[in-house]
Amino acid sequence: MPLEQITTSRIAAEAGVSIGGLYRFFPDKQSIVDAIAVRAVEEFRSSLEARLQVTDPMNPRQFMDFVIDAYVAFLDARPDFRTIAFGRHISASTRESQVSAEVGPAALVKGFIASLGIPEASDLDLKIRIATETGDRLIAFAYTQPAGELRGRVIAEMKLLLASYLFGAVSD
């Protein structure tokens, strides 16, 4: 059902708890939506970290492709999170806390850059934030396309754009 139709009463009923019990942990529907989004991002990051530990070393382009492909697979498997994230239902404060280069997938990108032996530039956090914001909007744009070739082309261009921005000129 559309997120706008979901109420705390419905959430409590589905969870099998009283509305008072729900309010004991969550003051409002927004805090519930935010908690779902944060948990999903944490699940994605944990999954990505585990997969990176068993993956052969990658060059920057391969790494960017790997991260984006994993995120697309995650979005495909989690339509609930996709609806929350693309619908801009996450509060500004929660979103802000999850997009820095110190948390979430952005932290993995920062760690990868460090693993390449590239000295950390003073503007690295800003560049990662710009790449995150750009990627967020482009992935949402990709999902507005009919599934298939056009969506794939948008994602391929996004990979190239972000890898070039973060790592310099990359080749196919």
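**Salt bridges and a helix pair**

Reader: Hi! I'm new to this one. Which side chain does Arg95 meet in a salt bridge?
Author: Welcome! The partner of Arg95 is Asp136, and their side chains form a salt bridge with 3.0 Å from N to O. Keep in mind that this is a predicted model.

Reader: Thanks. And where do Arg95 and Asp136 lie?
Author: Arg95 belongs to helix 6 (residues 92-98) and Asp136 to helix 8, so this pair ties together parts that are 41 residues apart in sequence.

Reader: Is Asp136 buried or exposed?
Author: Asp136 is buried, because its relative accessible area is 13% and the cut-off for buried is under 20%. Arg95 counts as partly exposed, at 23% relative accessibility.

Reader: What does Arg129 pair with?
Author: With Glu133: the two side chains make a salt bridge, 3.0 Å from N to O. Both sit in helix 8, four residues apart, so about one helical turn separates them. Arg129 is partly exposed, with a relative accessible area of 25%, while Glu133 is buried at 16%.

Reader: Which residues do salt bridges with shared partners join into one network?
Author: That network consists of Arg95, Arg129, Glu133, Asp136 and Arg137.

Reader: How many salt bridges does the count come to?
Author: Eleven salt bridges. Another one of them links Asp65 with Arg61, whose closest N and O atoms are 3.2 Å apart.

Reader: Are Asp65 and Arg61 buried or exposed?
Author: Both Asp65 and Arg61 are buried. They are four residues apart in helix 4 (residues 60-77), so the separation is about one helical turn.

Reader: Changing topic: at what angle do helix 8 and helix 9 pack?
Author: At about 175°, and their axes are 9 Å apart. Helix 8 covers residues 124-144 and helix 9 covers residues 149-167. The two helices are therefore roughly antiparallel to each other.

Reader: Which residues meet there?
Author: From helix 8, the residues include Ile128, Ala131, Leu138 and Phe141. On the helix 9 side, Val154, Met158, Leu161 and Tyr165 are among them.

Reader: And how many nonpolar, polar and charged residues does that contact have?
Author: The contact of helix 8 with helix 9 has 15 nonpolar residues, along with two polar and two charged ones. Lys127 in helix 8 and Arg151 in helix 9 also take part in this contact.

Key. Residues are numbered from 1 along each chain as its sequence is written. This is a predicted model: local features need pLDDT of at least 70, side-chain atom pairs count only at pLDDT 80 or more; totals for chains, interfaces and linings use all residues. Side-chain values use heavy atoms; hydrogens and water are left out. Axes are lines fitted to C-alpha atoms, for helices over the stretch in contact, and angles run from 0 to 180 degrees between N-to-C directions. Angles under 35 degrees count as roughly parallel, over 145 as roughly antiparallel, 65 to 115 as roughly perpendicular and the rest as oblique. Contact means heavy atoms within 4.5 Å. Ala, Val, Leu, Ile, Met, Phe, Trp, Tyr, Cys and Pro count as nonpolar, Asp, Glu, Lys and Arg as charged, and the others, Gly among them, as polar. A salt bridge is a side-chain nitrogen of Lys or Arg within 4 Å of a carboxyl oxygen of Asp or Glu. Buried means under 20% relative accessible area, exposed over 50%, partly exposed in between (1.4 Å probe, protein chains only).
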